[in-house]
Each structure stands twice: as structure tokens, then as C-alpha cells.
Amino acid sequence: MAGRLTAAGSRILGGGGARAAAAALRHRAGMGLPVGRHIVPDKPLPTNDELVWDNGTPFPEPCIDRLAPHIGKYEALAWLCGGLGFFAMLGVAATVNDKASKIPYH
């Protein structure tokens with residue numbers, strides 16, 4: 001049955017066997033690469049080109065977010081340590097109150 005399906009698919013796609021059918025499916029789907037064409041630069045890039053995300057929109061974005069310049073680095077560090085400390089305490093509490101490990105093996 002698989003031979004008949006391959007032959008039928010080959011006839012639909014223009015003949016030439018399973019290899020030609022696979023090639024025709026690849027080329028006739030019209031999909032192309034998922035990211036479009038790769039553009040090779042023909043002149044030197046600007047100095048800080050890697051710091052700008054330019055995906056073709058009218059407004060390129062900086063890669064380093066400057067959404068909250070009013071929050072200092074020590075305040076951000078305090079929030080980070082507080083969040084990680086909360087999850088560390090949660091893990092310790094789950095380990096200490098583990099009822100399954102307190103039941104003896106029968």
C-alpha cells in the first residue's frame with residue numbers, strides 16, 4: 001500500500017519517484033527559510049551595532065532596556081535578593097515539612 005501511495009503522490013506531483021516528490025514538496029510549498037534572506041554586509045558595521053535590535057520596524061530598539069532608569073542598581077539588587085530569598089525559604093520549608101520522608105518504610 002505504501003508503494004501505491006508513493007506512486008500516486010509521484011503522479012500528482014509530476015512523476016519521477018519518491019525523491020522527486022519530496023523535492024517538489026519542498027519547493028512547491030512556498031515557505032522558504034523561517035527568518036527570511038540572510039543579508040551579507042558589504043561595508044563595515046557601525047561601532048555599537050550589536051547594541052541595537054533592528055528587526056526592520058521604523059523604530060530600532062536598544063538591546064539594553066532602559067525602562068526604569070529611576071531604580072538604582074542597589075534597589076534592583078535588593079529586590080533580586082528578596083525574591084531569591086523567598087524561594088529559598090519556600091524550598092527549606094518544603095524540605096522540613098516533608099511528610100513522606102517522615103513515614104517509616106514498612
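In what order do the elements of the protein chain run from the N terminus on? In this predicted model, the order is α-α-β-β-α, and the secondary structure comes to three helices and two strands.

**Surface of the chain**

Of the 106 residues in the protein chain, 4% are buried. The accessible surface of the protein chain comes to about 10300 Å², and carbon and sulfur atoms account for 66% of that area.

**The strand residue Pro62**

Pro62 belongs to strand E2, which covers residues 61-62. When residues up to four places away in sequence are not counted, Pro62 touches Leu51 and Val52. For Val52, which stands ten residues from Pro62 along the chain, the separation of the two C-alpha atoms is 4.5 Å.

**Helix H3 and the annotated segment**

Helix H3 spans residues 73-96, and Leu84 lies within this helix. The UniProt record, an unreviewed entry, places the feature "transmembrane region" at residues 76-96. In the model, the chain over residues 76-96 is 100% helix and 0% strand, with the end C-alpha atoms 30 Å apart.

Which residues form a nonpolar patch on the surface? The patch is made up of Tyr74, Leu77, Leu80 and Leu84, which together have about 460 Å² of accessible area. Leu84 counts as exposed because its relative accessible area of 54% is over the 50% cut-off.

A search for aromatic pairs across the whole structure finds one. This pair is formed by Phe86 and Phe87, with 5.2 Å centre to centre and 70 degrees between the planes. The arrangement is edge-to-face, because the angle is over the 60 degrees required for that class. Phe86, at 48% relative accessibility, counts as partly exposed, whereas Phe87, at 56%, counts as exposed; the two classes follow because the dividing value between partly exposed and exposed is 50%.

The relative accessible areas discussed above are collected here.

| Residue | Relative accessible area and class |
|---|---|
| Leu84 | 54%, exposed |
| Phe86 | 48%, partly exposed |
| Phe87 | 56%, exposed |

How values were computed
Residues are numbered from 1 along each chain as its sequence is written. This is a predicted model: local features need pLDDT of at least 70, side-chain atom pairs count only at pLDDT 80 or more; totals for chains, interfaces and linings use all residues. Side-chain values use heavy atoms; hydrogens and water are left out. Patches are made of residues with over 30% relative accessible area and no salt bridge: like charges are joined within 9 Å, nonpolar side chains (Val, Leu, Ile, Met, Phe, Trp, Tyr) within 5 Å. Accessible areas come from the Shrake-Rupley method with a 1.4 Å probe; for residues, only the protein chains shown count as cover. A salt bridge is a side-chain nitrogen of Lys or Arg within 4 Å of a carboxyl oxygen of Asp or Glu. Helices (H or I, at least four residues) and strands (E, at least two) are DSSP runs, numbered from the N terminus. Buried means under 20% relative accessible area, exposed over 50%, partly exposed in between (1.4 Å probe, protein chains only). UniProt positions are given in the numbering used here, feature names are shortened, and annotations may be inferred rather than shown by experiment. Contact means heavy atoms within 4.5 Å. Rings of Phe, Tyr and Trp (its six-membered ring) pair if their centres lie within 6.5 Å; planes under 30 degrees apart count as stacked, over 60 as edge-to-face and the rest as tilted.
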